[in-house]
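These are my notebook entries on a structure that was new to me. I record what I looked up, entry by entry.

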Amino acid sequence: MSSEKDVVKAYVRYLKLQRNMSGNTLDAYQRDLRKLLDYLEREQKSVRDVELVDLEHFSAGLHDIGIHPRSQCRILSGVRSFFKFLQLDGFRDDDPTELLESPQIGDHLPEVLTTEEVDRLEASIDLSKWEGHRNRAIIEVLFSCGLRVSELVNLKLSDLYIDEEYVRVMGKGSKERLVPISQKAIVELRNWFYDRNLMKIKPGEEDFVFLNRRGAHLTRTMILIMIKAQAKDAGIQKTISPHTLRHSFATALLEGGADLRFIQALLGHEDIGTTEIYTHIDTSTLRQEILEHHPRNMRHKK
């Protein structure tokens with residue numbers, strides 16, 4: 001049986017000789033394929049064993065790390081080409097990409113959850129399971145603070161200022177920002193900490209807020225799988241990911257009347273306009289905006 005490296009070499013040879021690709025196009029296909037192969041290596045999956053669900057998680061991961069929908073479509077087109085080749089050349093009996101959907105390109109807004117749907121998502125969690133309080137805390141922090149999933153998995157205990165009701169976030173480009181955290185998120189975190197304190201934590205992982213059963217910090221893929229499964233349990237028909245909760249955070253603030261400039265600063269967007277705004281808005285003003293306009297905080301007003 002050919003090794004995975006031999007399979008990839010055969011595919012590149014096919015692109016070059018049978019599809020007559022130019023050097024630049026061939027390089028682009030190989031770069032995009034490398035993204036998939038790196039993902040599969042992390043997941044300890046062989047290209048011969050890949051199923052549709054694995055490719056859906058890979059596709060969702062492209063979205064979650066901020067790759068533009070057009071680029072996502074290009075990458076997935078290359079993935080389809082690769083698996084069609086594997087089937088044609090007898091490396092696989094099937095093509096797992098047949099039902100793989102591409103992201104929408106255009107003016108379609110991403111899915112948004114209402115506050116009631118977030119409540120349903122959290123209510124569907126089985127708190128008798130050891131990870132129940134952890135998962136509720138994850139969903140609540142994503143919705144209440146608008147974090148990227150990469151920011152959430154890297155969140156440290158030393159980043160939490162519970163008494164001051166702030167979270168310190170290290171965003172893209174190592175840019176730090178402070179985001180107010182709701183009382184409900186604090187309650188969920190404290191419930192999780194009770195269970196977390198009973199765990200055996202791996203050396204070097206002690207400062208991470210969210211851990212798996214083995215006492216190591218979570219990955220983006222773990223959180224994606226959890227949220228999709230929880231949406232199914234909650235009867236939510238929308239296609240959601242961790243990014244959906246971040247977008248729902250921003251939408252809730254905007255609909256509540258918050259200024260778009262404040263939302264951009266809270267989200268840690270990188271464009272130059274946001275950077276200029278970021279230097280002019282102090283954290284006390286940001287805190288006031290989120291206290292006044294986010295539904296989680298409005299609920300807790302006395």
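**Entry 1: Ser-144.** I looked up Ser-144 and found it in helix 6 (132-145). Helices here are DSSP runs of H or I with at least four residues, and strands are runs of E with at least two, both numbered from the N terminus. Ser-144 is buried, as its relative accessible area is 1%; buried means under 20%, exposed over 50%, and partly exposed in between, with a 1.4 Å probe and protein chains only. I also noted that 8.4 Å separates the C-alpha atoms of Ser-144 and Pro-180, which are 36 residues apart along the chain.

**Entry 2: the source.** The model is predicted, so that local features need pLDDT of at least 70 and side-chain atom pairs count only at pLDDT 80 or more, while totals for chains, interfaces and linings use all residues. Residues are numbered from 1 along each chain as its sequence is written, and side-chain values use heavy atoms, with hydrogens and water left out.

**Entry 3: the whole protein.** I counted 14 helices and three strands. Of the 302 residues, 48% are buried. Contact means heavy atoms within 4.5 Å; among contacts between residues at least 6 apart in sequence, 61% join residues at least 24 apart. The protein exposes about 15900 Å², of which carbon and sulfur atoms supply 49%; the areas come from the Shrake-Rupley method with a 1.4 Å probe, and for residues only the protein chains shown count as cover.

**Entry 4: the cores.** Which residues touch the most other members of the largest nonpolar core? They are Leu-189 and Phe-210, in a core of 47 residues. Such a core is a set of buried Ala, Val, Leu, Ile, Met, Phe, Trp, Tyr and Cys residues joined through side-chain atoms within 4.5 Å. Elements giving two or more residues to this core include helix 5 (115-123), helix 8 (183-196) and strand 2 (166-170). Helix 6 provides the largest share, seven residues. Apart from this core lies another, of 29 residues, including Ala-10, Met-21, Leu-37 and Leu-100. Leaving aside residues up to four places away in sequence, I found Leu-189 touching Ala-137, Val-141, Leu-160, Ile-162, Ile-181, Val-209 and Phe-210.

**Entry 5: residues in loops.** I then turned to positive phi values outside glycine. Gln-44 has a phi near 55 degrees and is found in the loop between helix 2 (23-42) and helix 3 (52-64). Is Gln-44 buried or exposed? It counts as exposed, at 73% relative accessibility. Glu-165 has a positive phi of about 65 degrees and lies in the loop between strand 1 (160-161) and strand 2. Glu-165 is buried, with a relative accessible area of 18%.

Thr-97 sits in the loop between helix 4 (69-88) and helix 5. At 2% relative accessibility, Thr-97 counts as buried. Thr-97 touches Leu-55, Val-79, Arg-80, Phe-83 and Lys-84, residues up to four places away in sequence not being counted.
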